[in-house]
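I opened my notebook to keep track of what I look up in this structure. Here it is, followed by my entries.

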Amino acid sequence: MAITVLTNAPLIPWLETWLDETYEVIRLHQADDPATVLAERAGDIRAVVSGAVDAALIEALPGLEIIAIPGVGHDGIDLGAAKHREIRVGNTADVLNDAVAELAIGLMIALARRIPQADVYVREGRWAAEGNYPLTGELTGSTVGIIGLGRIGKEIAARCLAMKMRVIYHGRTRQDHVPYVHYDKLGDMARDANWLVNVAPGGAGTEKLISRPVLEALGPEGCLVNLGRGTTVDEAAMIELLQSGGLGGAALDVFEDEPDVPDLLRTLDNVVLSPHQGSATVKTRRAMGWRVMENLAAHFEGRPLLSSVL
Ligand code: NAP
Ligand code: 8YV
């Protein structure tokens with residue numbers, strides 16, 4: 001008999017197909033009456049493929065053995081509830097590092113060189129009408145402070161070195177085997193950096209970590225790049241400082257209330273916006289989908305998961 005898997009949001013098409021080829025899939029988000037579906041089928045469900053699983057859903061599924069996240073971040077999963085029930089939690093760590101690091105560099109260059117704004121300048125005929133676009137900044141020779149020098153952070157650091165930047169980092173732990181200066185205090189790093197690039201995870205431990213004082217320490221010439229989670233930044237303070245000139249610029253792939261982006265942010269010229277697409281390449285999303293399948297197969301065959309949180 002086929003193993004039953006629950007999903008509660010659309011997944012990449014390949015993963016939807018692969019799941020259908022291997023498992024019985026219950027798609028809660030497509031059900032007319034999700035509560036009835038859950039009441040009738042809860043006992044059959046052995047796996048959930050989702051990045052959003054709360055304690056109530058875990059409690060509603062007495063046969064749940066594994067949560068397979070189609071991403072690396074686990075801030076959408078109630079890990080406490082999963083641990084309590086000894087439910088395994090797999091993720092797609094590592095397969096997306098390069099794609100996310102690549103977008104980080106892309107956003108930095110786009111912001112420093114005002115690429116989106118200059119593109120509009122040409123398209124609107126202003127080059128011919130008004131003359132050359134104003135001079136911009138550049139990355140070369142500046143200092144980048146990475147918040148969260150983990151799997152993705154290290155790939156960003158390597159690419160920043162190639163851009164001839166100096167790399168420093170902040171995290172809760174000093175890492176012995178990296179050639180970058182560690183800062184215990186984020187505010188101190190912000191003061192010493194021209195760029196802050198955040199790839200720390202979301203969740204309670206990092207809520208508004210990039211606070212108003214941190215942004216003020218980064219200052220009028222400083223730029224923030226956020227690919228971690230929107231919750232890690234005091235978004236209201238960031239917008240205010242971007243508007244008043246207290247912060248030089250921001251390039252943002254993640255937001256507090258996705259997919260809603262504050263109107264004010266969308267009007268600012270010193271900002272580059274990206275719709276949470278760090279891992280959103282064909283190659284990487286395929287690899288992430290495949291990792292979900294590998295984690296499920298490993299679990300049901302009694303092997304260790306290929307990448308896991310619990
Ligand atoms: P990782 O290897 O676990 O690295 C996370 C880093 O964050 C670690 O170096 C950790 O260092 C640091 N960190 C954790 N809590 C912290 C805190 N309270 N203060 C300061 N630093 C802290 O994770 P990863 O695979 O690189 O992924 C990182 C995050 O990137 C994910 O959780 C996700 O939110 C985000 N992400 C975004 C996209 C996108 O499309 N934009 C794609 C993938 C991932 P310490 O333990 O020493 O503090
Ligand atoms: C994706 C991400 O947006 O992996 C993560 O933590 O934020 C991104 O890769 C998402 O998880 C895709 O499902």
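**Entry 1: two domains**

I started with the distance between the domain centres: domain 1 and domain 2 sit 32 Å apart, taken over C-alpha atoms. I then noted the bounds, which come from an automatic or database domain assignment: domain 1 is 4–95 + 282–300, and domain 2 is 97–273.

Ground rules, before I go on. This is a predicted model, where local features need pLDDT of at least 70 and side-chain atom pairs count only at pLDDT 80 or more, while totals for chains, interfaces and linings use all residues. Residues are numbered from 1 along each chain as its sequence is written, chains are lettered from A and ligands numbered from 1 in the order in which they are written, and side-chain values use heavy atoms, with hydrogens and water left out.

**Entry 2: where the domains touch**

How many residues of domain 1 are in contact with domain 2? I found 7, facing 6 residues of domain 2, with contact meaning heavy atoms within 4.5 Å.

Next I looked up the buried area (accessible area, 1.4 Å probe, that two parts lose on being put together, summed over both). The two domains bury about 550 Å² between them, and 45% of it is on carbon and sulfur atoms. On the domain 1 side, Val72, Asp75 and Asp94 lose the most area to domain 2, together 66% of what that side buries.

I count 1 salt bridge between the domains, a salt bridge being a side-chain nitrogen of Lys or Arg within 4 Å of a carboxyl oxygen of Asp or Glu. Arg229 also forms a salt bridge with Asp75, with the closest N and O atoms 3.0 Å apart.

**Entry 3: ligand 1**

I checked some distances to oxygen atoms of ligand 1. A polar backbone atom of Gly150 is 3.2 Å from one, and a polar backbone atom of Leu149 is 3.4 Å from one. Arg229 turns up again here, with a polar side-chain atom 3.3 Å from an oxygen atom of ligand 1. Alone, ligand 1 exposes 930 Å², and the protein buries 87% of that.

**Entry 4: ligand 2**

Around ligand 2 I listed Pro70, Gly71, Val72, Gly73, Leu96, Arg229, His276, Ser279, Arg285 and Met288.

For oxygen atoms of ligand 2, I noted a polar side-chain atom of Ser279 at 2.7 Å. A side-chain N or O atom of His276 is at 2.8 Å, and a backbone N or O atom of Gly73 is at 2.8 Å. The protein covers 75% of the 320 Å² of accessible area that ligand 2 has on its own.

Terms used. A polar contact is a pair of N or O atoms within 3.5 Å; within protein, one must be able to donate a hydrogen and the other to accept it, and residues adjacent in sequence count only if both atoms are side-chain atoms. Accessible areas come from the Shrake-Rupley method with a 1.4 Å probe; for residues, only the protein chains shown count as cover. A residue is near a molecule or strand if one of its heavy atoms lies within 4 Å of it.
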